[in-house]
Amino acid sequence: MLFKGFTSNLKHIRRVFPIHNFRSALTSFSHNSCSTQRLYIFIKMLPKLLPCVKVKDPQYDGVVIVTDSPSKLVGDLEPLKDVIEKYGEIDEVYTKEVIFIKTDVIPSKRLIFSPTGPLNRDYDDVRRFADAAVKGMQRALKAGCKKPLFVRPVDDNFVGFAGKVATLGALHALYVPLEIREDVPEKKSKADVMGIWCSDEVKVTKSIPVTTAIESGRVVARDIGGSDPERMAAPRVLQYVQETLKDSGIKINVISDKNEFKKSFPLLEAVNRCASNVDRHTGRLIFLEYEGEGPIDTTLFLVGKGITYDTGGADIKAGGVMAGMHRDKCGAAAVAGFFKILSMLKPKGLKVVGALAMVRNSVGQDCYVADEIITSRAGVRVRVGNTDAEGRMVMADVLCKMKEDALSAVNPQLFTIATLTGHSIRAMGPNYSIIMDNGPARKLKTAQTMQEAGDRIGDPFEISTLRRDDYEFHTGKSEYEDVLQCNNSPSTMTARGHQGPGAFLIKASGLEKHGIDSNKPLPYSHLDIAGSSGPFPGIPTGAPIVAFTEKYVIPRL
């Protein structure tokens with residue numbers, strides 16, 4: 001259930017016809033009912049990243065500078081400092097807005113200066129660099145640049161991270177949506193090459209594979225999360241994941257059988273029940289597994305909400321608030337993106353098990369309804385309160401399966417990642433992931449260390465706390481049921497509307513028996529990314545995989 005304020009006047013009708021074999025898609029055309037032809041190809045669209053020590057390198061067709069002050073342009077960058085300061089004599093806005101200067105100082109004659117603004121106030125953080133980089137690169141693209149050189153002068157602000165965050169910001173601006181790459185081949189990429197200026201070529205050269213891996217993961221997350229309900233219906237998500245992780249060492253296992261859903265994942269099956277009658281919409285539960293070299297010292301279990309489209313079900317999203325509900329799969333998209341990063345960086349000593357719960361919440365004669373009582377995989381009797389609270393339903397039984405596996409794993413840590421509630425946006429704003437720990441995770445300070453990692457790398461978190469109120473709210477209200485799935489009001493109108501679902505997931509999955517009072521405690525954290533996953537209309541962010549990478553992968557490289 002996403003924030004109902006995410007609406008748009010965007011009106012488009014798309015017909016997407018799946019090709020079930022991506023290899024044949026390279027040479028085959030699909031014909032739709034209008035006899036038009038469309039070629040489906042998975043295109044790797046990242047620009048080639050190159051280190052550059054000379055700002056006057058003639059191979060680049062534009063220079064984009066991101067910093068707070070031209071005074072930091074020293075050494076090789078000194079000539080550009082003079083150009084910008086001279087421009088500032090006639091335009092006082094030059095330290096506040098992106099400016100474009102034609103100059104003979106560089107071969108391309110195109111100089112774009114994108115100021116970060118102040119960096120020294122209480123509320124300034126490293127995202128100033130990402131924001132400026134996005135704006136600067138967008139301006140370079142408007143100028144016609146295909147081979148921009150990106151410059152972030154070295155300074156003392158956010159030491160060790162400003163350059164990484166700025167570069168990722170620039171790459172975000174270069175992302176091309178999957179459907180554009182497939183349907184409009186001439187627009188498959190915005191830039192062919194992106195140079196990264198550096199005073200230490202060795203250091204930047206070593207960082208490029210990491211940057212490329214992180215951005216590749218974000219591309220996967222954006223592709224799955226941002227594509228429309230037909231292009232990324234559950235069967236086609238599976239095709240995409242199989243293609244992008246092919247020959248990567250990632251194990252992929254899939255459950256698609258309706259009878260298996262009913263037997264092993266009954267809460268998920270209830271949501272899938274209506275969509276299962278339409279072949280192109282029927283659900284897929286995609287399990288991914290990565291195991292690094294050497295002795296394993298940590299095992300992560302990630303469950304991603306993958307609602308390919310959320311109509312609200314029987315409690316339908318009426319009044320024009322259904323637009324944007326293709327974004328309800330960004331939790332699963334983030335899990336897939338994280339596995340792309342794992343497949344490229346191959347951190348040692350780490351095992352990660354992921355699940356993408358790809359289900360469409362359709363409405364029709366077979367849809368599940370409020371008042372149904374369904375026994376979960378954990379043996380908990382769940383009364384449905386609102387069919388628009390489907391995300392917690394598709395994750396609860398999968399989390400139970402992960403819990404069962406975690407009992408025999410080395411140093412397990414469990415996570416659910418979901419665009420779950422509008423309340424999370426009301427509470428924390430539209431730019432922040434929210435994390436909340438159970439008792440064992442709180443002892444590990446999972447939320448605090450994740451927040452610290454996110455602050456370093458520009459993928460910020462706010463911390464919420466699960467309280468007794470949340471457990472009491474979801475306790476069954478009669479002898480018929482053990483757990484109440486949801487109340488009858490939107491989360492935005494419900495007190496503690498984003499914390500409660502975390503308690504539901506703990507109760508419905510049986511994790512309640514593995515708290516700090518258990519002889520087998522299991523650390524579990526729930527992430528609500530309804531705000532941080534990105535604007536609609538707009539491009540998904542890929543949150544929170546950059547923070548996950550910073551916390552769990554980078555220290556192992």
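Biologist: What makes Asp310 and Lys317 a salt bridge?

Modeller: The closest N and O atoms of Asp310 and Lys317 are 3.6 Å apart. The rule asks for a side-chain nitrogen of Lys or Arg within 4 Å of a carboxyl oxygen of Asp or Glu, so the label applies. By this rule the count comes to 27 salt bridges.

Biologist: Before we go on, what kind of model is this, and which cut-offs apply?

Modeller: This is a predicted model, in which local features need pLDDT of at least 70, side-chain atom pairs count only at pLDDT 80 or more, and totals for chains, interfaces and linings use all residues. Residues are numbered from 1 along each chain as its sequence is written, and side-chain values use heavy atoms, with hydrogens and water left out.

Biologist: What is the mean pLDDT of the protein chain?

Modeller: The mean is 92, and 92% of the residues reach 70 or more. pLDDT is the predictor's confidence in each residue, from 0 to 100.

Biologist: Over which residues does pLDDT stay under 50?

Modeller: Over residues 2–43. The model has 90 contacts beyond four places in sequence for that stretch. Contact means heavy atoms within 4.5 Å.

Biologist: Back to the pair. Why is Asp310 called buried?

Modeller: Its relative accessibility is 0%, so Asp310 counts as buried. Buried means under 20% relative accessible area, exposed over 50%, partly exposed in between (1.4 Å probe, protein chains only). Lys317 is at 3% and therefore counts as buried too.

Biologist: Why are Glu215 and Arg218 about one helical turn apart?

Modeller: Because they are three residues apart in helix 6 (residues 201–226). Helices are DSSP runs of H or I with at least four residues, strands are runs of E with at least two, and both are numbered from the N terminus. Glu215 and Arg218 form a salt bridge, with the closest N and O atoms 2.7 Å apart. Both residues are buried.

Biologist: Which residues are linked in a network of salt bridges?

Modeller: Asp68, Lys72, Arg152 and Asp155.

Biologist: What makes Asp470 and Arg496 a polar contact?

Modeller: Their side chains are joined at 2.8 Å. A polar contact is a pair of N or O atoms within 3.5 Å; within protein, one must be able to donate a hydrogen and the other to accept it, and residues adjacent in sequence count only if both atoms are side-chain atoms. Asp470 lies in helix 15 (residues 468–473). At 2% relative accessibility, Asp470 is buried. Leaving aside neighbours within four places in sequence, Asp470 is in contact with Thr465, Arg496, Gln499, Gly500 and Ala503.

Biologist: Why is strand 16 called largely enclosed?

Modeller: Because five of its five residues are buried. Ser433, Ile435 and Asp437 point one way, Ile434 and Met436 the other.

Biologist: What is the order in the open sheet of three strands?

Modeller: It is 13-14-18, with mixed pairing. Strand 13 (373–375) and strand 18 (483–484) stand at the edges, each with a single partner strand. Strand 13 runs antiparallel to strand 14 (residues 381–383), joined by three bridges. Ile374 has Val382 as its bridge partner in strand 14.

Technical notes
Pairing = 2+ DSSP bridges.
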